[in-house]
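Please keep the sequence and the model in view while reading.

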Amino acid sequence: MSGNGLPDYAFALDFEYRKKLDAMPGFYQTAKKICATYASRTLQEINMNGLVVGPDQFPEVYQMGCDCARILGIGIPNIYIVNDQSLNAYTIATDDVEPLIVVHSGLFERFTPGELRCVIGHECGHIHNQHSVYTMLSNILVMVGTAASGFLSAQLMKLLTMGSQVALNAWSRAAEVTCDRAGLICCENIEDAYRVNAKLLYGAAWGEHTVNLEALRKQLEMQMGTLVRLEELFADHPAAVRRIMAEMEFARCEVFYRWRPELKKAGQVMRSKEETDERCRRFVDVTKNG
């Protein structure tokens, strides 16, 4: 753990933005109430419509959850697979709800076992870093005006000014970098982590495909050089290309190899956590152009 009570691999911006959100009067307590209402209803729906994995039901997925929990030092989460063809997974956890991870069937079908392990490790990262209330609030934001109930919509609109919404999204993007690092720590193969985010770009619909990381870097440079990047201010996840570049930075960080020393190659040059975080800021901060 670091001095702020978070795991040592956590992205510095994650903690910085969380402090800003907590400084908003009434933000956290109101967010907890909103999330408690949402979590209770969603858990019932998942129990009714999803399939919980276990030693006798998709045991290979259950074992991934056990392995990731052991590596990160958290309790084994409940994992559900639900019938949804989008490439998505998410975590639900509050003070009153035992953590659970929901994996969409589309992701389960199109990702390799190694890639799925990275996804589960990423979701375990949300649990490990105590993201639950902030993450759920960010997820609920996506549904406002569509699936969210009138009560939730009204409460959110009362809580969120334009400034706080931008701040929440900025935190969410930083938190995804933290959890991508957790996915790397849990992975069996570093390249699996890169492929997870690459498949979010092209949909994983063409079978096996090797992604050219240098071409992706050039693609990001084009994006960072235009004002289109500012549209990401209202996105709760970084662009997948940004996430891959940030993962590549962490794969050169000394902290990563404290968690996974067996992956270190002879003569490998590593960077400090501080330098890694600074390099990742340049990739993740959408207000910068390089």
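## Helix H5 against helix H9

Helix H5 (residues 113–128) and helix H9 (residues 190–202) have axes that come within 8 Å and cross at roughly 85 degrees. H5 is therefore roughly perpendicular to H9. Axes here are lines fitted to C-alpha atoms, for helices over the stretch in contact, with angles running from 0 to 180 degrees between N-to-C directions. Angles under 35 degrees count as roughly parallel, over 145 as roughly antiparallel, 65 to 115 as roughly perpendicular, and the rest as oblique. Helices (H or I, at least four residues) and strands (E, at least two) are DSSP runs, numbered from the N terminus.

On the H5 side, the contact uses Gly114, Glu115, Cys118 and Val119. They meet Asp192, Ala193, Arg195, Val196 and Lys199 in H9. Contact means heavy atoms within 4.5 Å. The residues of this contact divide into 4 nonpolar, 1 polar and 4 charged. In this scheme Ala, Val, Leu, Ile, Met, Phe, Trp, Tyr, Cys and Pro count as nonpolar; Asp, Glu, Lys and Arg count as charged; the others, Gly among them, count as polar.

## Model and conventions

The model is predicted: local features need pLDDT of at least 70, side-chain atom pairs count only at pLDDT 80 or more, and totals for chains, interfaces and linings use all residues. Residues are numbered from 1 along each chain as its sequence is written, and side-chain values use heavy atoms, with hydrogens and water left out.

## Val196 in H9

Val196 is found in helix H9. Is Val196 buried or exposed? Val196 counts as buried, because its relative accessibility is 12%. Buried means under 20% relative accessible area, exposed over 50%, and partly exposed in between (1.4 Å probe, protein chains only).

Leaving aside neighbours within four places in sequence, Val196 is in contact with Phe111, Glu115, Cys118 and Val119. Val196 also has a C-alpha 8.9 Å from that of Ile244, 48 residues away in sequence.

## Helix H11 against helix H13

The axes of helix H11 (residues 240–250) and helix H13 (residues 273–284) come within 9 Å. They cross at roughly 170 degrees, so H11 is roughly antiparallel to H13.

From H11, Arg242, Met245, Ala246, Glu249 and Phe250 take part. Their partners in H13 are Thr276, Arg279, Cys280, Phe283 and Val284. By class, the contact of H11 with H13 has 6 nonpolar, 1 polar and 3 charged residues.

## Thr91 in strand S3

Thr91 lies in strand S3 (residues 89–94). Thr91 is buried, with a relative accessible area of 7%. Which side chain makes a polar contact with the side chain of Thr91? The partner is Glu123, at 2.6 Å. A polar contact is a pair of N or O atoms within 3.5 Å; within protein, one must be able to donate a hydrogen and the other to accept it, and residues adjacent in sequence count only if both atoms are side-chain atoms.

Not counting residues up to four places away in sequence, Thr91 touches Leu100, Ile101, Glu123, His126, Ile127 and Met136.

Lys33 is exposed, with a relative accessible area of 61%. Ile34 counts as buried, at 2% relative accessibility.

The C-alpha atoms of Lys33 and Val133 are separated by 9.3 Å, and the two are 100 residues apart along the chain. Ile34 and Met136 are 102 residues apart in sequence and 9.1 Å apart in space, C-alpha to C-alpha.

Helix H3 (residues 59–72) has 14 residues, which at 1.5 Å a residue should span 20 Å. The end C-alpha atoms are 20 Å apart, which agrees. The expected span is 1.5 Å times one less than the number of residues. Buried residues in H3 include Val61, Met64, Cys66, Ile71 and Leu72. Just after H3, Gly73 takes a positive phi of about 80 degrees.

Phe58 lies in the loop between strand S1 (51–52) and H3. Its phi is near 50 degrees, a positive value in a residue other than glycine. Phe58 is partly exposed, with a relative accessible area of 29%. Gln130 lies in the loop between H5 and helix H6 (132–143). Phi of Gln130 is near 60 degrees, again positive in a residue other than glycine.

## The chain overall

The protein chain has 13 helices and 4 strands. Of its 290 residues, 51% count as buried. Among contacts between residues at least 6 apart in sequence, 71% join residues at least 24 apart.
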